[in-house]
Each structure stands twice: as C-alpha cells, then as structure tokens.
Amino acid sequence: ALAAQLTGRRDALSARVRDGADALAQARDAITAAAAATAAARTALGSAEQRQDAARETRSAAQVAHAQAEARRTVAAERCERLARERDSASSRLESLHHELEALAADDAQRVREMSGWREELAIRTEALAGAEAALAAAETHVHDADAALSTADHALDAARHAASQTADALHQAELRHSDLSGRRTAIRGRLEAEWRRPLDDLFASYTPVEADDDALRAEADALRQQIESLGPVNPLAIEEHIEEQKRLEQIETQRNDIAQARDSLQQAIREIDVTAREMFLKTFDEVRAHFRHIFLTLFGGGECDLRLENPEAPLDCDIEIHASPRGKKTQRIHLLSSGERALVALSLLFGIFLTKPSPFCLLDEVDAPLDDQNVGRFVRMLNEFKKHTQFIVITHNPRTTTEASDAVYGVTMQEPGVSSLVSVRMRGPAVDSTEPGAAA
C-alpha cells in the first residue's frame with residue numbers, strides 16, 4: 001500500500017514537472033514574442049519621435065515666418081503713417097514757406113526804402129562830419145598852443161620852486177647858525193655867572209671901563225690864567241657838591257632798591273604766570289589733541305594722527321608738529337600729504353579747537369575745493385553737526401555743499417552787462433529777500 005502511494009505520488013509529481021516544463025516553454029515563447037513586439041514598438045516610437053521633431057521644426061519655422069511677416073506688416077504700416085504725416089507736414093511747411101516768402105518780399109521792399117533814407121542821412125552826416133573834423137583840427141591847433149604855453153609856465157614854476165628851495169635851505173642854515181650862537185651865548189652867560197657868582201645883568205650894571213690896551217689886557221689875563229693853573233684845581237664848592245652828591249647817592253640807592261624789589265616781584269609774577277600758562281596750555285593742548293584725533297578718524301574713516309610738541313620741556317616756546325597718517329599710508333608730516341588730505345587735516349584741527357573752545361562764528365573760504373565727492377560728503381556731515389552751535393559762512397563752488405549743508409544761499413549774478421545782482425535763497429526756514437541790486441562790476 002505504501003509503495004502504491006509512493007508510486008502514485010511520483011507519477012503525480014512527474015505530471016506536475018511535465019506541466020511546469022510545458023508552462024515554462026510557453027512563457028519563454030510569450031517572452032520572445034513580447035520582446036519582438038517591444039522591438040517593433042520601439043522602432044515605431046523612434047519613427048514617431050522623428051516625425052514629431054520634424055513637425056515641431058516645421059511649426060517653429062512657420063511661426064518665425066509668421067512673426068517676420070507680422071513685423072514687416074507693422075513696419076510697413078508705421079512707414080505708411082509716417083509718410084502720411086511727413087506729407088501733411090511738407091504741405092503745411094510749403095504753405096508756411098509761401099507766406100514767409102511773401103513776407104520777405106514785403107520786408108525787402110521796406111529795407112530798400114529804408115536803405116535810400118539811410119543813404120541820404122549818411123550824406124548829411126558825412127557833411128556834418130567834415131565840418132566837425134575841420135573844427136577839431138582848429139581845436140587841436142589851439143590845444144597845441146595851450147600845451148606850449150603850459151610847458152613854458154611849468155618851466156617857470158620849476159625855476160621858482162628851485163629858487164624857493166634854495167632860499168629855504170639858506171633860511172634853514174641861518175636858523176641852525178642862530179641856534180648855535182644862542183647856545184654858545186647861553187653857555188658863556190652861564191659860565192660867567194658861575195665864575196663871578198653874580199647875574200650877568202648885575203655885572204654889566206657894575207661894569208667900569210678900563211683905560212688900557214686890549215693886547216695888554218689879554219696878556220695880563222693869560223698870565224693870571226697860567227698862575228691859576230699852576231695852583232692846581234681848586235673847587236671852593238666841593239663841600240656843597242659833596243653834600244648834594246651824597247643826597248643824590250641816597251636817592252639813587254633808594255631807587256635801585258625799589259627797582260630790585262620791583263624786579264623780584266615781576267620775576268615772581270612771571271614765574272607764576274608761566275606756571276599757570278603752562279598748566280592751561282597743556283590742558284588745552286590735551287583736549288585739542290583728543291578732539292583732533294576723534295574728528296580725524298571721523299573724516300578719514302580710520303588712520304592715525306597726533307599733535308606733538310617739538311620740545312615738551314618748554315611747551316610755551318616750542319613749535320607744534322602735526323602728524324597724520326590716513327588709512328593705508330605710513331605716518332608722515334602734513335606737508336607730505338595731498339592737498340585734499342591736508343585740507344581734511346586742517347578741518348580736523350579746526351573742528352577740534354571748536355570742540356575745545358566753541359566759537360559762535362566761522363568763515364570758510366573754498367576749503368572743499370580740493371576734496372573729492374566722498375570727502376565732501378564727510379565734510380557736509382561734519383558741518384551739519386557743528387552748525388547747531390556755530391554759524392558758518394562758507395564760500396564754495398561745490399553744489400553738493402550748497403544744497404546739503406546750507407540754510408541760506410547767496411549768489412552774485414550779472415543779468416545785465418556791468419551790473420551785478422545778489423540773489424538770496426532760503427533752503428530751510430523762512431524766505432529771505434530775493435534780489436538786491438549790487439554795485440557795477
């Protein structure tokens with residue numbers, strides 16, 4: 001029974017294997033047929049895609065041709081309209097030219113009539129000019145005669161002035177001699193009065209004529225003088241002069257002591273003033289130095305700068321050096337910078353001083369001339385910041401400075417030759433007077 005079952009099962013399995021083999025063969029045949037169909041479909045698809053690409057190209061070419069035709073139609077329509085307008089304009093201009101030609105013909109006739117009148121007037125004025133030239137020649141002759149007379153008078157005046165100058169010189173010499181003689185007379189009078197201890201008038205009043213020869217009197221005077229000289233210097237007023245000199249010495253010593261005390265007090269005051277001035281100067285210098293650095297960094301957008309004393313031991317007697325190094329440059333003196341950089345450094349120092357000691361008024365004369373647009377913008381921002389406390393009058397040719405920073409603009413125009421006018425424009429706030437006549441330029 002078991003063998004029968006196993007045999008039956010083997011037969012069933014064999015049948016199933018044969019059925020599977022048959023199904024596998026059928027599946028392979030189906031796969032082969034499907035592959036052939038797929039290849040045929042792919043070939044058909046490639047042909048269809050080629051036909052579709054050709055159709056697309058044909059459509060694109062048709063669209064391009066349609067667009068070109070439409071563009072040519074639009075251009076032709078615009079050209080027709082333009083030609084119509086030009087035809088209408090040409091007709092209008094032709095009619096206008098006809099009218100202008102008629103007006104020119106009328107003006108030509110009027111000019112011919114005016115020309116004949118001008119020629120007649122020219123003939124009359126030519127005759128008048130001939131008479132005026134004759135009168136001018138006669139006047140020139142009279143002027144020449146008057147010039148000759150004036151030259152003669154000038155020579156005579158020069159001679160008179162020369163004579164007056166010589167007379168004045170002679171008078172001056174006489175006055176000098178008179179002054180010399182007066183001084184000598186005064187000296188002789190003083191010497192006589194000192195020698196005789198009496199006024200000269202009293203000596204003349206008590207004068208007694210001597211009956212003797214002048215030569216003998218001179219010889220006797222010489223002999224007496226020699227005797228006096230042989231006696232040696234004798235000063236009978238030595239005691240009185242000594243007392244006077246002693247008093248004078250005491251006065252001089254008192255004055256010298258007063259002067260010495262005044263000198264000491266002045267030196268002490270000078271030392272105190274130097275100390276105070278040194279402290280105030282160093283304090284102000286440090287403030288200006290800090291403000292200068294801040295303003296410099298603001299205007300240049302970076303860099304390095306410094307204010308240095310040439311001799312820190314004597315700050316009141318030394319020079320101040322300005323060192324500036326814009327961003328990207330080495331530290332150097334201000335005279336090695338460009339004109340625009342020097343202008344910005346000067347503005348930095350000026351605004352630094354303003355921050356230290358504000359001023360209510362400032363005049364700037366074309367300080368923005370060497371600046372470029374970027375630096376002008378920084379300068380304008382700085383002006384807008386400082387003008388809250390300081391009134392600025394800026395002379396400038398830069399429209400950016402005028403429009404961005406100014407509250408009022410004053411310009412000088414010349415609408416008529418030789419006559420200038422002052423035009424005022426208020427950029428912010430209430431309006432000002434618009435125009436004021438100026439003096440002749």
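Modeller: Setting aside neighbours within four places in sequence, F386 is in contact with I295, F351, F354, L355 and F392.

Colleague: What makes a pair of residues count as being in contact?

Modeller: Contact means that heavy atoms lie within 4.5 Å. Before we go on, please remember that this is a predicted model, in which local features need pLDDT of at least 70 and side-chain atom pairs count only at pLDDT 80 or more, while totals for chains, interfaces and linings use all residues. Residues are numbered from 1 along each chain as its sequence is written, and side-chain values use heavy atoms, with hydrogens and water left out.

Colleague: Which residues touch the most other members of the largest nonpolar core?

Modeller: They are L299, V345, F351, L383, F386 and F392, and the core has 30 residues. The elements giving two or more residues to this core are α4 (238–300), β1 (304–309), α5 (339–356), β4 (361–365) and α6 (373–386). The largest share, seven residues, comes from α4.

Colleague: Why is this called a nonpolar core?

Modeller: The name is for a set of buried Ala, Val, Leu, Ile, Met, Phe, Trp, Tyr and Cys residues joined through side-chain atoms within 4.5 Å. In soluble globular proteins, nonpolar side chains tend to be buried together.

Colleague: And what makes a stretch a helix or a strand?

Modeller: Both are DSSP runs numbered from the N terminus: helices are H or I runs of at least four residues, and strands are E runs of at least two.

Colleague: Why is N398 called buried?

Modeller: Buried means under 20% relative accessible area, exposed means over 50%, and partly exposed is in between, using a 1.4 Å probe and protein chains only. N398 has 17% relative accessibility, so it counts as buried. N398 is found in the loop between β5 (391–395) and α7 (399–405). Leaving aside neighbours within four places in sequence, N398 is in contact with D368 and V376.

Colleague: How do you know whether S406 is buried or exposed?

Modeller: Its relative accessibility is 14%, so S406 is buried. S406 lies in the loop between α7 and β6 (408–416). Beyond neighbours within four places in sequence, S406 is in contact with T401, M427 and R428.

Colleague: What makes D88 and R87 a salt bridge?

Modeller: A salt bridge needs a side-chain nitrogen of Lys or Arg within 4 Å of a carboxyl oxygen of Asp or Glu. The closest N and O atoms of D88 and R87 are 3.9 Å apart, and the pair forms a salt bridge. R87 counts as exposed because its relative accessibility is 54%, and D88, at 45%, is partly exposed. The whole structure has nine salt bridges.

Colleague: How do you know that D306 forms a salt bridge with R308?

Modeller: Their closest N and O atoms are 3.3 Å apart. D306 has a relative accessible area of 10%, so it is buried, whereas R308 is partly exposed at 37%. Salt bridges with shared partners join R289, R293, D306 and R308 into one network.
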